[in-house]
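Here are some exercises to work through with the model open beside you. Try each task before reading its solution.

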Amino acid sequence: MIVYQYVSEVFFFLLVVLTLFGGLLAVKARVLMHSVLGLAVTFLGVAGLYLYLGSIFLSMMQILIYLGAIGIVLVFGVMVGYTPRQVVEEKIRGENVLLAVPTCLAGFAMLWIAIGRTEWASAPERINDFALKSVGKALLYDFCLAFELISVLLLIAVVGAIIVVNSQED
Amino acid sequence: MASNSLMAYLTVAAFLLIIGIYGIVQKRTFIGMLISAELILNGAGLNFMAFNRFLSPDPAVGQVITLIIMGIAAAEAAIGVSFILAVYKKFRTIDPTRLSSLKR
């Protein structure tokens, strides 16, 4: 039992390191394709964290939607839109980094202190479970309007994307 | 145990949010900004799932909200990439600071 817990903790830390490393690579990479690859690593790490948070379904959806759909769309955008000469980004100027890094570190410190000092009130009892059946019921009974609106939004997005790309033909 | 504490997940989510904001500020290409926006949305989803696991009385609600965030992120990526392709066809540049046809 103890060995099992240690192995689980080690895998958890590996997933956290994978997520953080992927995020850093996505932001700091000079080549755009490396940036997309870092984003894919982050998606995989977050999918593993969803497993630890008790939802196999969301983990599979993360891999399917984020890693499959959005990753492919971003790779497509990088490879179609840009000529190879322009793929490498220009170097950012020094004073901008000097301004951006301390600002972001200060923002992270503020968030972290706020997280640490808050006393989270947990729910007195669970009225439901993590099963896929209850997710489906919530999606089709309680959140039916949001579910339908998401499908309309996706339809509008796809049709709008086609129209926007096609309107530049002349 | 770190994998059973709310603090660890919230810290990872806050890191994703902050590094996404840093990327949006610092990137010099449109698609880099889009990648950073995806990082922010991922942090939001991780936050919802963490609260769902530890604090919520009904664990189905957070999963539904995270699914809706994924749908919005997919729509946003499709629209964003189509805009980037249209702008590239018209202006022949990937630098956001050079799109200044109204200024001249």
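**Exercise 1. Count the salt bridges across the interface of chain A and chain B.**

Step 1: apply the rule, a side-chain nitrogen of Lys or Arg within 4 Å of a carboxyl oxygen of Asp or Glu. Across the interface of chain A and chain B, zero salt bridges turn up.

Step 2: note what you are working with. This is a predicted model, where local features need pLDDT of at least 70, side-chain atom pairs count only at pLDDT 80 or more, and totals for chains, interfaces and linings use all residues. Residues are numbered from 1 along each chain as its sequence is written, chains are lettered from A and ligands numbered from 1 in the order in which they are written, and side-chain values use heavy atoms, with hydrogens and water left out.

**Exercise 2. Describe the side of chain A that touches chain B: which helix of chain A gives the largest share?**

Step 1: count polar contacts (pairs of N or O atoms within 3.5 Å, one able to donate a hydrogen and the other to accept it; residues adjacent in sequence count only if both atoms are side-chain atoms). Between chain A and chain B, eight residue pairs qualify, both residues at pLDDT 80 or more.

Step 2: find the suppliers. Helices (DSSP runs of H or I, at least four residues, numbered from the N terminus) that each supply at least two residues of this side include helix 1 (2–28), helix 2 (32–52) and helix 3 (56–81) of chain A. The largest share, 14 residues, comes from helix 3 of chain A.

**Exercise 3. Is B:Lys27 buried or exposed?**

Step 1: locate B:Lys27 in the loop between helix 1 (6–26) and helix 2 (30–54) of chain B.

Step 2: compare areas. Buried means under 20% relative accessible area, exposed over 50%, partly exposed in between (1.4 Å probe, protein chains only). At 2%, B:Lys27 is buried.

Step 3: look for its partners in chain A. A polar atom of the B:Lys27 side chain lies 3.3 Å from the backbone oxygen of A:Val27, and a polar contact of 3.5 Å joins the side chains of B:Lys27 and A:Ser35.

**Exercise 4. What span should helix 3 of chain B have?**

Step 1: multiply 1.5 Å by one less than the number of residues. For the 33 residues of helix 3 of chain B, this gives 48 Å.

Step 2: check the ends. The end C-alpha atoms are 48 Å apart, which agrees.
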